[in-house]
Amino acid sequence: MIAARRCGTCKAKGLPAVRGRVGIVCYPTSGGSGIVATELGLSLARRGWEVHFITYALPVRLKGFEENVFFHEVQTANYPVFHHPPYTLALAVKITEVAETHGLDLVHVHYAIPHAVSAYLARQMILPGALPVVTTLHGTDITLVGMQPSFHKITRFSIEQSDRVTAVSEFLRRKTDELFAVDRPIRVIPNFVDPELFHPAKGGHPAFPFLDPGEKTVMHASNFRPVKRVDIVVRTFARLATEIPSRLVLVGDGPERWQAQELARSLGVEDRVFFLGIQERMETLLPLADLFLLPSEHESFGLVALEAMACGVPVIATSHGGTNELVEDGASGFLVDPDDGEAMVATARRVLDDGALALRVGEAARRRAVECFSEAAVVDRYEALYREVVG
Ligand code: GMT
């Protein structure tokens, strides 16, 4: 199946009228920033924007033919003198090419490093000021990677050079001010979800086929990086499983997967833990959960928690970071200090033991997702921002 239109030749001149032409630069992986970028691009395309994704592989949520959507692959040349292929430069050149060939009105980069730097270079190469750059900060580009001494100055520079800067939560906006003291206003535009796609299962709560009758499903999904604290998920589950018939479903992959598998084995719950690996259609999995755990060290927003909430699933998320802008503790979910193992287990036990509580919280979660984080309203805000820079 053709995943998206690969466009090589069409010129801006002579193309049918569109609302505007935007280049979207993102990581194509299953991480939250790439997903937000892809869902935003798809939504803009449905509204009549011509959207050009510029990245090194097809973004995971871009599948099937989509009207108005183009994909431009960045290829990095390697040479023995390079210790690492210079992706930042190849990306800058590709942005320039796409902007010139397709008459882009602006480029919107997701995740500052190195995308905002490449966009800055591209803009300088085209004609300073001719290609407005919007940068969206997602979290670890500020809180972890951008903070490293070898990246700090250039991250700050590229943010300050952007025409508009957004952050996915007030927490991240404050953190960026605190850590980078950037001389640019940062606007908060939160993550969003399509409530038509992510919704509670219709016709009763279904279950995974591998469950025994009466068993509950605890779920976690992430890129298995250390910041996600998958170890806490496994430890919490191991304690729950001694009291409540349940299974743990882990979705995603990454550097900590092996340790998680080992931990499950050492805690004696190996046969109750299912590693599904990277899954593209989270909307089919999340509604099967009775409880979703996201006990990260910190989260700037927690997109997957929002998707679980839209599916009516009670979420226990970390209390560190911007998750309190999403989850109202005790009402539309729970916020727990990830280092407080007792509180994590006690809260999870309450949700799994008390069906009425789980139902009430799940319904409130769905309501909050629909009322405050629906795709349509959030994409309106990005469009308004674009109009400011393109006039
Ligand atoms: O969480 C990750 O490690 C992936 C990362 C990314 O950039 O893909 O996620 C960040 O961006 C998401 C989308 O805006 C946010 O929902 C996540 O909270 C944020 N992750 C962290 O702050 C750890």
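At what angle do helix α10 and helix α12 pack, and how far apart are their axes? This is a predicted model, in which local features need pLDDT of at least 70, side-chain atom pairs count only at pLDDT 80 or more, and totals for chains, interfaces and linings use all residues. Residues are numbered from 1 along each chain as its sequence is written, and side-chain values use heavy atoms, with hydrogens and water left out.

Two packed helices are described by the angle between their axes and the distance between the axes. Axes are lines fitted to C-alpha atoms, for helices over the stretch in contact, and angles run from 0 to 180 degrees between N-to-C directions. Helices (H or I, at least four residues) and strands (E, at least two) are DSSP runs, numbered from the N terminus.

Helix α10, residues 303-310, packs against helix α12, residues 355-372, at about 115°, and their axes are 7 Å apart. Therefore α10 is roughly perpendicular to α12; angles under 35 degrees count as roughly parallel, over 145 as roughly antiparallel, 65 to 115 as roughly perpendicular and the rest as oblique. The crossing of α10 and α12 is left-handed, meaning that the near helix is turned anticlockwise from the far one by less than a right angle. From α10, Leu306, Met309 and Ala310 make the contact (heavy atoms within 4.5 Å). Their partners in α12 are Gly362, Ala365, Arg366, Arg368 and Ala369. By class, this contact of α10 with α12 has five nonpolar, one polar and two charged residues. Here Ala, Val, Leu, Ile, Met, Phe, Trp, Tyr, Cys and Pro count as nonpolar, Asp, Glu, Lys and Arg as charged, and the others, Gly among them, as polar.

A second pair is α1 (residues 32-46) with α13 (residues 375-390), packed at about 80° with axes 10 Å apart. That angle makes α1 roughly perpendicular to α13. Leu40, Ser43, Leu44 and Arg46 of α1 meet Glu375, Val379, Tyr382, Glu383 and Tyr386 of α13. The contact of α1 with α13 divides into five nonpolar, one polar and three charged residues.

His152, Thr155, Arg156 and Ile159 of α5 touch Thr176, Leu179 and Phe180 of α6.

Ala181 lies in the loop between α6 and β7 (186-188). The phi of Ala181 is near 45°, a positive value in a residue other than glycine. Another backbone feature is the cis peptide bond from Ile113 to Pro114, with omega near -10°. Pro114 is placed in helix α3, residues 112-126.

Next comes the ligand. Of the 18 residues around the ligand (a heavy atom within 4 Å), Ser33, His138, Lys228, Glu299 and Ser300 come nearest. A ligand oxygen is 2.6 Å from an N or O atom in the side chain of Lys228. For the side chain of Asn223, an N or O atom is 2.9 Å from an oxygen atom of the ligand. Leu303 has a polar backbone atom 2.9 Å from a ligand oxygen.

Conventions: Polar contact = N/O pair within 3.5 Å; in protein donor to acceptor, adjacent residues only side chain to side chain.
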